[in-house]
Amino acid sequence: MFAFLACQDDDSVRQNPFLVDISFQVQLNTNLPQYSQLNFAQNAVLVPNAGLRGVVVYHQGNEQYRAWELSDPNHSPSDCSRMRLDGTQLTCPCADDENSYDIILGLPLTGDGEYGLKPYRVSRSGNIITVSN
């Protein structure tokens, strides 16, 4: 019997220095009008009172959901760091950057940032979608 172990060097794991981990849980009832778009694939909903600066929840299809922090992951949270949703992109409105991100994969699209979007856990049970960290 052989066992293979893989170890990852702590130096290669980069924690985002701008976004702290906070504990939260929010439940979205898709029977309510403000969340009903999540019943259909390729729709997103903003949840302003969750996470650090809000959360975007995206329904990919086939009951697959993604949730991301709305605070730009490439600078400290500030008055302007809450990103705006445009289709499947989040864009930072701060005047000193041009950061935008893809909400399907969480990857940077434009700007000089080295960090992708901060993901949150998502689960669905019946009409309730739970987003948590």
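**From a loop residue to the sheet**

Guide: L107 is partly exposed, with a relative accessible area of 47%. Buried means under 20% relative accessible area, exposed means over 50%, and partly exposed lies in between, with a 1.4 Å probe and protein chains only. This is a predicted model: local features need pLDDT of at least 70, side-chain atom pairs count only at pLDDT 80 or more, and totals for chains, interfaces and linings use all residues. Residues are numbered from 1 along each chain as its sequence is written, and side-chain values use heavy atoms, with hydrogens and water left out.

L107 sits in the loop between β7 (100-102) and β8. Strands here are DSSP runs (E, at least two residues), helices are H or I runs of at least four, and both are numbered from the N terminus. Neighbours within four places in sequence aside, L107 is in contact with S100, Y101 and D102. Contact means heavy atoms within 4.5 Å.

Now step to K118. L107 and K118 are 11 residues apart in sequence and 9.8 Å apart in space, C-alpha to C-alpha. K118 counts as buried, at 15% relative accessibility. The side chains of K118 and D21 form a salt bridge, 2.4 Å from N to O. K118 belongs to the loop between β8 (108-110) and β9 (119-125), and D21 to the segment before β1, so the pair ties together parts 97 residues apart in sequence. D21, at 57% relative accessibility, counts as exposed. The rule asks for a side-chain nitrogen of Lys or Arg within 4 Å of a carboxyl oxygen of Asp or Glu. By this rule the count is one salt bridge. Side chains of opposite charge can pair when their charged atoms come close.

Two bridges join β9 to β4, and the two run antiparallel. P119 in β9 stands opposite W68. Strands count as paired if DSSP finds at least two bridges between them. On to β10. Five bridges join β9 to β10, again antiparallel. V122 has V131 of β10 as its bridge partner. The β9 and β10 strands make a hairpin with two residues between them. In that turn, G126 has a positive phi of about 65°.

β10 is mostly covered, with four of its five residues buried. β10 (residues 128-132) also pairs with β1 in the antiparallel sense, over five bridges. V131 is the bridge partner of V26, and I128 stands opposite N29.

Six of them form an open sheet, β1-β10-β9-β4-β3-β2, with antiparallel pairing. β1 (25-29) and β2 (43-47) are at the edges with a single partner strand each, so one side of each has no neighbour in the sheet. Neighbouring strands are turned by 25° against each other on average, direction ignored. Axes are lines fitted to C-alpha atoms (for helices over the stretch in contact), and angles run from 0 to 180 degrees between N-to-C directions.

V131 turns up again in the core. In the largest nonpolar core, of 15 residues, L28, V47, V55, V57 and V131 touch the most other members. β1, β2, β3 (55-61), β4 (64-69) and β10 each supply at least two residues of this core. A nonpolar core is a set of buried Ala, Val, Leu, Ile, Met, Phe, Trp, Tyr and Cys residues joined through side-chain atoms within 4.5 Å. Leaving aside neighbours within four places in sequence, L28 is in contact with Y35, L38, V47, V57, N127, I128, I129 and V131. Another core lies apart, with 12 residues, including V56, M83, C92 and I103.

Last, the whole chain. The protein has 10 strands and zero helices. Of its 133 residues, 38% count as buried. Among contacts between residues at least 6 apart in sequence, 44% join residues at least 24 apart.
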